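Me: Hey, I've got a model open and I'm a bit lost in it. Can we go through a few spots together?

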Amino acid sequence: MSTVKINVKWNKDVFKDIEVDTSLPPAVLKAQLFSITNVPSERQKIMVKGQTIGDETWGKVTLTNGLTLLMMGSADPIPEIPTEKVKFLEDMTEAQLARHMQYPGGLKNLGNTCYMNATLQCLKSVSELRDAVKQFVPANVSHSGQGAMMIDGSQMVTNALKTTYQQLDVTSEAFMPLTFLATIHREFPRFAEKDDHGHLMQQDANEFWVQLMQILQMNIPGKKLNNEIASNSIADKSLIDQYFGINTQAIMKCNEAPEETPTVSEERLLQLSCFISQDVKYLLTGLKNRLEEHITKHSSTLNRDAIFTKSTHISRLPAYLTIQFVRFFYKEKEKVNAKILKDVQYSMVLDVFDLCTPELQKRLIPIREKIKAAEDAKLDRERAKKLGEPFTEPKNLTRLPTSFPDDTGSNNSGFYQLNAVLTHKGRSSSSGHYVAWVRRSQTEWVMFDDENVTPVTEEDVLKLSGGGDWHTAYLLIYGPRTIEYEDKSNDGASGEANVNAMDTTTSANGAKP
């Protein structure tokens, strides 16, 4: 190694005794000068005795101790000192973290209004509903000397919800839903009840959920099909009926008189109930337990009371399936709605094929077969990749439809993916705390604890199944499970499209549609 000390003149400045290792290329010297002058290497022009020094070699230039080099070039501006102190993620408050990560805004608690906040955040995860509410235009408006005024209380609630959702979509700051709460109290005084100290009382989130859905059912019109033809007149119904409406068929047979003609009845619901008993450990078990019941009623054949078997199945599935865990029961002695803490597990993917009528199952099979072929192809690719075997990545990816062409807002496969969870923490429905957990993307979840918005994982969400005093799932929203498949018919292939797929399922509050 040969080291010399040189001087460098740049503008009016002279930098003395700079050590240079001549065995290294000139680029190293330029890097040294950049650290001293802030002149980038590409702008430096270094000369000595009429020779220009390049980057790779010294050429005919011989450096000696005390030699002065001339450098030309303009320096980059010196970075300014930050006006605000640098704040690390771990030092941020939850609100600051939400703004930094561009999370949706939360809702301020106005005094035991967490039941309302959690409900609004869960329903906001349904993009079709959120967009329809934001486009709502009141119909019944009276005009007086003080201007236009809505006279329909349900429309006032819907319009206030519209304002709330609009505000949440334009800011990550927490929003105070005062107008919405005021319209709820005006339309439904029971939600305005106060305790002996004048504080608003806690309410049952599911009761509020049901009431709000009924209001939206009256005011949000449904989507029309392109050909204006729909089965079961679904297109003439509200958006709530289309995207949340469940049709069930019940068949009642007399066990003691098989010759008696069975009676068939139909019912329309907006949510399913999972009743919790000693043997219920999983969500599907609780749902299936209600499919068959034994009822005592009058038999026209026997002319007396007899045992009947009532079998209920789903005849129409909505795009968004709402399920309530029936966790509260009334204790007469304590006069309180006590909570069942039992652990009832649920999954991210739900298959309700077995809950459907044979007629609906037959309609679900074609898409289910495509989904199975898609998942098999995906597993084959993953296996080949793991074993180092050759495989072909899918091309011309297309999404499988998630609803029947003649039934807007339906589900055509029986498969769902979890979109949102509303939880309760406490021992009674009239006390404790409600929180919303919402899917933001395929891999991201967010917890809305009133104004506090925090990222969580799928594992965190699956731990909300109960078993203790922690947050416990009370309401679930399952949404469409969409699949992308490779349609080779565009490449001239004949017959059924080849299906290769990946999950691209919906999300919430800023999620994929």
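Me: What does the side chain of Ser 238 reach at 3.3 Å?
Reply: The side chain of Ser 238 reaches the backbone oxygen of Gln 217. That's a polar contact (a pair of N or O atoms within 3.5 Å; within protein, one must be able to donate a hydrogen and the other to accept it, and residues adjacent in sequence count only if both atoms are side-chain atoms). Keep in mind that this is a predicted model, where local features need pLDDT of at least 70 and side-chain atom pairs count only at pLDDT 80 or more, while totals for chains, interfaces and linings use all residues. Residues are numbered from 1 along each chain as its sequence is written, and side-chain values use heavy atoms, with hydrogens and water left out.

Me: Where is Ser 238 found?
Reply: Look in the loop between helix 7 (205-219) and helix 8 (239-244). Helices (H or I, at least four residues) and strands (E, at least two) are DSSP runs, numbered from the N terminus.

Me: Is Ser 238 buried or exposed?
Reply: Ser 238 is buried, because its relative accessible area is 7%. Buried means under 20% relative accessible area, exposed over 50%, and partly exposed in between (1.4 Å probe, protein chains only).

Me: And which residues does Ser 238 touch, not counting residues up to four places away in sequence?
Reply: Gln 217, Ile 220, Pro 221 and Gly 222. Contact here means heavy atoms within 4.5 Å.

Me: New topic: His 424. Which strand is it in?
Reply: His 424 sits in strand 18 (residues 415-425). It counts as buried, because its relative accessibility is 1%.

Me: What lies 2.9 Å from a polar atom of the His 424 side chain?
Reply: The backbone oxygen of Ser 428. Ser 428 itself is in the loop between strand 18 and strand 19 (433-439), and at 7% relative accessibility Ser 428 counts as buried too.

Me: What does Ser 428 contact, leaving aside neighbours within four places in sequence?
Reply: Phe 328, Val 336, Asn 337 and Lys 339. Among the residues that His 424 touches are Phe 328 and Lys 339.

Me: How many bridges join strand 8 and strand 12?
Reply: Strand 8 (residues 246-254) and strand 12 (residues 304-316) pair over 8 bridges.

Conventions
Two strands pair if DSSP finds at least two bridges between them.
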